[in-house]
Amino acid sequence: LDPTVKLVQDNPCLTELIASVLALPEPSPSILSFTLRLAGILAASENRFQHLQQEKLLVRLFGRDGPLNSAVWEDASVRSGWVEGVHSMMHHQPALHFFCNGGGIDVIFTLQGDPSLFVASAASQLLVHMLTFSVESETTKPLSTKDCDWPACSQMIIKRIEDSLQSSSASHIEQSLKLLTSLFGSCHATWTEVLWLGIEKQIESFLTEETVQAQHMLGNLLLNMAWSPVFCDTEGSFWPLVTSALEHLTPVQAGPLAVGILRIYKCPQDVRIQALTVLLQPMDCILRAASQTLEYAGLLDESVSDPITVERLLSSKSSCVSLLCQTLGHLEELLSLIHLPVDLPYTSLLRSLMTILQFCNGFLSPTSPLGSTISRILVNCFRVQRSALDVLAALSAKRGCDILIGSLFDVLLAYLESPNTSPTVLKKTFQATSKWLVRLQELSYSNSQWQETEKILGDVFLVLQKRLCSPSWEVRDSSLEFLTVLIERLRDQDEFRQSLLSSEVLRLTENLLEDPESYVRASAVTAMGHLAFITYFAPESPVAGNQYNKENTVAKLQEILSTDPEGFPRRAVISIFTKWLRQGCTGQLEDTEQFVSRVIQTVEHDLDWEVRLGGLELVKIFCNQTICQLGLPKCPYAPVTSAVSSSIHQNELLQIFCRAKLFSFLFRSLCDCDKPVGQRACDILLVLRSAFHPVSTLEDSQGTGDSPASHGIAWLQRTLRQGSLAQNFPTDGGNGVDFQDPESMMLALGTIDLEELHDELNKSSDHVEKSPQSLLQDILATVGTTEENEADCY
């Protein structure tokens with residue numbers, strides 16, 4: 001007996017369930033939807049399909065006498081269940097013929113226009129699947145354009161597509177175009193070209209007939225075809241059709257097609273140039289509208305479509321902003337590509353961007369009528385400003401824009417200074433400015449433009465001082481983030497350091513450590529932490545001896561760590577302390593030991609688990625650095641060369657870790673109520689154990705006798721297994737463990753089964769929550785409250 005049929009025969013409740021639902025005079029839509037899906041899954045096997053057919057169940061569910069002609073069909077969940085059920089069983093020819101011969105194709109085509117978008121999309125996907133399955137399972141030789149060569153089911157589907165494309169119904173045309181877009185995107189078989197040859201003329205007519213409102217869908221269709229090797233490798237009529245589309249579609253419709261084409265390497269060069277022209281045409285129009293003379297007339301020698309079309313769009317308030325935002329978004333997408341298959345005119349593009357930004361802040365008053373109209377539309381337009389600044393930032397990585405850098409900073413500084421610049425636009429301006437300042441530093445080294453660089457930096461810090469005093473917390477926050485980015489990228493440059501230290505930025509940043517807004521305090525902590533690399537940790541600290549001393553800053557940050565009521569500033573402090581330690585800025589070993597000890601004693605009582613996790617990261621770095629400084633193997637599993645020297649170093653290392661109170665923090669963290677904290681602590685303890693207990697000596701140490709410390713270790717192991725250490729942490733020397741005693745800690749590392757703890761901490765809760773018993777309990781819990789819990793139960 002076929003095992004797939006045996007499933008149904010051994011579980012008659014499955015067919016009984018379907019039959020009982022069909023017997024109901026008015027079945028619940030959700031129950032009927034579930035039954036349709038279940039039947040589809042069962043009928044996915046050809047033998048089970050035949051078995052359900054013999055029981056007359058499938059025809060009553062999916063045929064004309066089923067839910068199709070009943071009132072319950074009005075419910076979208078039933079129609080959705082019907083489509084999904086059909087899709088599930090569409091894996092063998094009997095199911096395909098059952099629907100094709102029973103009128104199912106007509107139903108699915110109708111469902112393409114369903115008011116429920118989920119049902120409509122599922123119906124379209126189902127037709128793609130049925131067409132693909134029919135052609136690939138029922139043909140034995142390559143297809144031609146003659147109808148008789150297509151299998152019967154695929155003939156029916158293709159005939160419906162062709163009829164829809166030739167109909168006068170805009171919705172039918174759109175549905176078929178969606179279907180074809182999905183088909184060409186998912187199927188790259190050679191027969192798709194045969195299908196295309198039969199409908200190509202009709203599609204081409206949509207580009208030229210103004211009465212047909214289907215042009216907006218043609219871009220996606222052609223783009224999906226362009227990615228298919230069936231079409232992109234041919235020398236037929238496909239690429240000329242793409243060229244025609246770029247010419248006839250509106251700039252808004254052609255934009256997505258153009259940027260998609262520019263990403264395809266196998267695209268012919270003439271088509272690529274035309275696509276680039278479509279993208280640059282609005283930018284070209286902006287330059288021409290703003291130009292006082294013909295010196296910078298535009299980006300393009302000639303345009304693809306009529307320039308008047310673009311000018312008309314840019315002259316209208318409703319279309320100008322959307323066209324520019326779309327164009328700028330496409331340009332940013334292109335600039336983000338590592339390998340751009342086409343050369344962009346970077347200098348002209350930058351000039352056009354600067355013009356747009358000047359239109360937006362009212363700093364440019366063109367004389368041409370078109371320019372005046374565009375400038376009125378764009379004044380204070382945040383959407384265009386943000387998009388233009390994103391492209392401007394992306395351009396900083398490209399060469400060829402250097403001659404405009406002075407004018408560019410004039411535009412950026414105008415935005416930074418203007419009180420009309422919104423906080424979101426100001427943040428974008430800061431991001432673009434930081435990238436161009438890095439570019440400026442590179443140029444000043446190659447061209448010796450020290451004075452210009454110094455002036456620009458001075459102007460930037462002057463504006464930054466004002467912004468750090470802004471009444472808007474978002475502006476203060478963005479200003480501090482900007483400062484941090486600048487320090488990260490430019491702290492090694494003398495001009496930058498001198499400009500920064502001669503400004504009031506340090507004092508203002510320190511004042512913001514006490515800002516009433518927690519986000520600003522956090523950003524001030526991060527900025528002060530990065531400033532320390534210039535003021536305290538540089539080989540020759542330029543501000544040594546004045547009020548900005550390291551001890552004061554560390555004390556202030558530690559105070560924030562222990563007293564700030566919000567989590568963000570405390571997380572920022574532990575992150576900065578970790579960064580200092582990682583870069584070796586916390587002094588000699590003794591100072592670092594005291595520093596780490598003070599920090600973790602504060603952190604272990606913090607209510608924010610991310611702060612505690614940051615404390616563990618600090619401990620991990622400290623342990624690794626100390627082990628390396630004392631000459632122990634860097635790799636925890638490396639063999640120890642000299643037993644005598646290793647023993648001396650181990651004792652010294654243990655004493656350092658015990659004095660710093662690392663072990664009490666680590667063992668307490670093992671039982672933290674937040675699992676990531678326990679996992680990190682266990683990982684660190686495993687590394688420490690491998691440093692103190694080489695694999696060869698581990699088994700011996702686990703058999704340790706009855707020393708006084710071993711009784712405490714036994715208690716510790718039991719307590720860890722119960723996960724209750726945090727609640728029962730020992731405060732006396734009675735039954736507990738002395739976490740500052742090197743001998744006890746050596747014994748603990750060698751005795752406690754850290755691997756078992758590690759496995760327990762890393763075990764997912766699925767083994768409890770996803771068990772059949774748990775699922776059954778969830779179902780039983782919904783009994784009596786079906787209406788409230790129906791969705792959860794399903």
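**Exercise 1.** Work out whether W150 is buried or exposed in this predicted model.

*Solution.* Start with the cut-offs: buried is under 20% relative accessible area, exposed is over 50%, and partly exposed lies in between (1.4 Å probe, protein chains only). W150 has 7% relative accessibility, so W150 counts as buried. W191 also comes out buried, with a relative accessible area of 7%.

A quick word on the ground rules: residues are numbered from 1 along each chain as its sequence is written. The model is predicted, so local features need pLDDT of at least 70 and side-chain atom pairs count only at pLDDT 80 or more, while totals for chains, interfaces and linings use all residues, and side-chain values use heavy atoms, leaving out hydrogens and water.

**Exercise 2.** Count the aromatic pairs, then classify W150 with W191.

*Solution.* First, the rule: rings of Phe, Tyr and Trp (its six-membered ring) pair if their centres lie within 6.5 Å; planes under 30 degrees apart are stacked, over 60 edge-to-face, and the rest tilted. That gives 24 aromatic pairs. Next, the W150 and W191 ring centres are 6.2 Å apart with planes at 85 degrees, so this pair is edge-to-face.

**Exercise 3.** Classify the pair F577 and F595, and say whether these residues are buried or exposed.

*Solution.* Take the geometry: the centres are 4.9 Å apart and the planes 75 degrees, making F577 and F595 edge-to-face. Then check accessibility: F577 and F595 are both buried.

**Exercise 4.** Find which residues share an aromatic cluster with W73.

*Solution.* W73 clusters with F49, F62, W82, F98 and F99.
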